[in-house]
Amino acid sequence: MAASDERVYDCAVVGAGPAGLSAALYMGRMRRNVIVIDDREGRSTWHQVNRNYLGFPDGVHANRLREVGRQQVEKYGAIFLNATTEEVRAEGEGRESCFYFKTTLGQVVARTLILATGVSDSFPEFEGSMECIGKSMFWCIICDGYETIGKRIVVLGHNERAASLALEMLTFTDKVTMVSWDEPLNLPPEKLAALKEHGVKIYDSACEIYKCGEEGQLSSIVLADGTEIELDSLFVAQRIEPNTQLAQQLGVMLDEHGYIVSDVEQCTNVEGVYAAGDCTKLYNHQVTSAVHEGGMAAAAANYYLYEDWQKD
């Protein structure tokens, strides 16, 4: 659809991953008119198969979860706008205030806002790299560690987080190699000693070549000195940046890592603004927690929209 500056929505949800879809579903079922603004990017658009989300014994593909989630949300009248939100501003005081969104498809106006904007990840880039994410290139041991049992694993990263990831992988396999990737190793002596003690091979070297045997399946990497390491899966201690540009425009409080600060009901410090999903936390980026937070944010936004005579 094309955006219109005529309608004032009860709620605008920015982001259509698990958190945003959950929020929109709750709002729709509370008979609020809601618009979901989504740029079709982010983790839930990759090739990941989620196997630890209750109710899917054989796992569910991230794209499939988005698809069925959108169908479910649309049943309750939610509008989807496939656009990028470029700017947002608040006008008015208290319950009379509104949020004005400038998107690539025009203006949107809403009385409340739920930010489910996720994070941006920096992975190795090579020909076919996007097809590998979620198939043979991963970042979350909770999500995908189980599938690596007995397999050859390479962990990319130079810092303590990468070293911890390599050591944690030993729960699943003893074939673990750590490669510094794009920066020299920067580890405390005790962490380096733990890697060596537990048999993790260490290469303080950059990666020059990533080889795929078939689409989406990495087979080996070649280091700067020519060493080739065969592998079954690549785990990356990637750089993660929360997508909080809109939050910053509204003066929403962020923590020291740049994530949105919200309370147990997903309320931010700005009246009428709520946040859910990966953009609210440094760790535990799980579908289950995103869905929970989306529902909580919607419940809080819905209560905010009640008239005074409806509140307890």
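Below are my entries, grouped by topic.

**Ground rules.** I am working on a predicted model, where local features need pLDDT of at least 70, side-chain atom pairs count only at pLDDT 80 or more, and totals for chains, interfaces and linings use all residues. Residues are numbered from 1 along each chain as its sequence is written, and side-chain values use heavy atoms, with hydrogens and water left out.

**Helix pair.** I began with two helices, taking helices (H or I, at least four residues) and strands (E, at least two) as DSSP runs numbered from the N terminus. Two packed helices are described by the angle between their axes and the distance between the axes. For α1 (residues 18-29) and α8 (residues 287-305), I noted axes that come within 7 Å and cross at roughly 35 degrees. The axes here are lines fitted to C-alpha atoms, for helices over the stretch in contact, with angles from 0 to 180 degrees between N-to-C directions. I put the crossing of α1 and α8 down as right-handed, meaning that the near helix is turned clockwise from the far one by less than a right angle.

Next I looked up who touches whom, with contact meaning heavy atoms within 4.5 Å. On the α1 side I listed Pro18, Ala19, Ser22, Ala23, Tyr26 and Met27, and their counterparts in α8 include Val287, Ala290, Gly294, Gly295 and Ala298. By class, the contact of α1 with α8 has 11 nonpolar, 4 polar and no charged residues. In this scheme Ala, Val, Leu, Ile, Met, Phe, Trp, Tyr, Cys and Pro count as nonpolar, Asp, Glu, Lys and Arg as charged, and the others, Gly among them, as polar.

**Positive phi.** Most residues other than glycine have a negative phi. I found Arg31 with a positive phi of about 65 degrees, in the loop between α1 and β2 (34-38). Arg31 is exposed, at 78% relative accessible area. I logged Asn284 as partly exposed at 45%. The cut-offs are under 20% relative accessible area for buried, over 50% for exposed and partly exposed in between (1.4 Å probe, protein chains only).

**Sheet.** I traced an open sheet of 7 strands with mixed pairing, in the order β10-β16-β11-β12-β13-β14-β15. Two strands pair if DSSP finds at least two bridges between them. At the edges I have β10 (137-138) and β15 (228-230), each pairing on one side only. Inside the order, β11 (residues 153-156) and β12 (residues 176-181) run parallel and are joined by 4 bridges. One detail I wrote down is that Val154 has Thr177 as its bridge partner in β12.

**Ser180.** This residue lies in strand β12. Is Ser180 buried or exposed? I have Ser180 as buried, with a relative accessible area of 1%. Its side chain reaches the backbone nitrogen of Ser205 at 2.8 Å, and a polar atom of that side chain lies 3.4 Å from the backbone oxygen of Glu183. A polar contact is a pair of N or O atoms within 3.5 Å; within protein, one must be able to donate a hydrogen and the other to accept it, and residues adjacent in sequence count only if both atoms are side-chain atoms.

**Arg89.** The side chain of Arg89 makes a polar contact with the side chain of Glu91 at 2.7 Å.
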